[in-house]
Amino acid sequence: MVALPFLGRLSFLLLIATTTTTAFAIGIHHGSIIRKPSSGVPNFREAPEFRNGDVCGTNASERIHIAMTLDVNYLRGTMAAVLSVLMHSTCPENTEFHFLWGKYEPEVLVSINSTFPYLNFRLYRFDSNRVRGKISRSIRQALDQPLNYARIYLADMLPPDVKRVLYLDSDLVVVDDIVKLWEVDLEGKVLAAPEYCHANFTKYFTDLFWSDKELSSTFNGRKPCYFNTGVMVVDVDKWRQGGYTPKVEEWMALQKQKRIYTLGSLPPFLLVLAGNIKAVHHRWNQHGLGGDNLEGKCRSLHPGPISLLHWSGKGKPWLRLDSRKPCVVDHLWAPYDLYGSSDHSLEE
């Protein structure tokens, strides 16, 4: 997909909103009827199988590895995110998803298989005991869930053949070819993500942290900038070799003794890596569309080109759309929503 300027891409996305239903209908066959609801797991339409490129290789070296968490409460977002990646990829068949889940819910697996019967994916159980006693209460309960910390342990869970992984949150959609982000040159860094150096970095830590010269000296020799951990390209081997998981855990342990930050799993990442990552273009994380962490008020898009829309913050697009009180940006997520109301379910 050719990069579009801000207004051009916005118009393109709004155009998708009016044409997606028709496009899906062309690609759906008899297996796409909406299933009966079971165990509280939402029902989803079967997504079309995309074959977007004329020449797509099958070599393992060409495979794109994407890791996401799997939570029934965010499953609707996950489905939309997966669909968006496949829809805009030149070679979607080269993409392999690595789903991390904390609680075995067979209905979720059935839902993935029925929605994406052609999807290449693997499942990994995240043992919540890994973070037992290490999570401190944050400003929003959703940030305190053990699965929110699973990204710290990616290198421990992924198999040795996965050398690089792209981690994505479940509250986003990709509107560009993901290979462009995947192929970023890490330049020897362990992690790549958009950096936001104009953000007030001090607000991510408490006054207690900044007043302690020993603690705040951790940033000496670095120019730390905020980055969002919902979109990261990670060199898995380098993460293992550098012992980054225990480094992050050390800060989590200190947080239990002294309250040095108020936001879930983000601050320990910043403490270890801020100022020492490969910065990529902001287009790859138009974040904050879910508003702040307390009220989730509507926000507008930032100026500039967009490749990924991210509803980080309290407000989630599927909840606001269902409540009939959506924000304008939520209509950019809606075309990727595969959710089907049980009112339209058909008998098996």
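Leaving aside neighbours within four places in sequence, L321 is in contact with P326, D330, H331, W333 and A334, where contact means heavy atoms within 4.5 Å. L321 has its place in helix α11; helices (H or I, at least four residues) and strands (E, at least two) are DSSP runs, numbered from the N terminus.

Residues are numbered from 1 along each chain as its sequence is written, and side-chain values use heavy atoms, with hydrogens and water left out.

L321 also belongs to the lining of the second largest pocket: among the eleven lining residues, R76, L321, D322, D337 and Y339 lie nearest the pocket centre. A pocket here is an open set of points on a 1 Å grid over the protein atoms alone, where a 1.4 Å probe fits, with protein on both sides within 12 Å along at least five of seven lines; lining residues have an atom within 4 Å of a point. The space in this pocket is about 240 Å³, a volume being the space filled by probe spheres set on the points, with grid points joined across faces, edges and corners. Its lining divides into four nonpolar, two polar and five charged residues. In that division, Ala, Val, Leu, Ile, Met, Phe, Trp, Tyr, Cys and Pro count as nonpolar, Asp, Glu, Lys and Arg as charged, and the others, Gly among them, as polar.

I turn to the disulfides. How many are there by the rule used here? The count comes to three, a disulfide being a pair of cysteine sulfur atoms within 2.5 Å. With bonded cysteines counted along the chain, they follow the pattern 1-2, 3-4, 5-6.

C56 is joined to C91, S to S 2.1 Å, and the link is left-handed, with -85° about the S-S bond. C56 lies in the loop between α1 (6-27) and β1 (64-70), and C91, 35 residues apart from it, in the loop between α2 (75-88) and β2 (95-101). C91 is buried at 17% relative accessibility; buried means under 20% relative accessible area, exposed over 50%, and partly exposed in between (1.4 Å probe, protein chains only).

The sulfur atoms of C197 and C225 are 2.0 Å apart, and this link is right-handed, with 100° about the S-S bond. C197 is partly exposed at 46%, whereas C225 is buried at 8%.

C298 is joined to C327, S to S 1.9 Å. Why is this disulfide left-handed? Because the torsion about the S-S bond of C298 and C327 is about -80°. C298 is exposed, at 52% relative accessible area, whereas C327 is buried at 3%.

Finally, confidence. The protein chain averages a pLDDT of 85, and 84% of the residues score at least 70; pLDDT is the predictor's confidence in each residue, from 0 to 100. Over residues 1-37 pLDDT stays under 50, and the model has 66 contacts beyond four places in sequence for them. Residues 342-348 also have pLDDT below 50, with eleven contacts in the model beyond near neighbours in sequence. Where pLDDT is low, the predicted coordinates should not be read in detail.

Methods:
Predicted model: local features only at pLDDT ≥ 70, side-chain atom pairs only at ≥ 80, totals over all residues.
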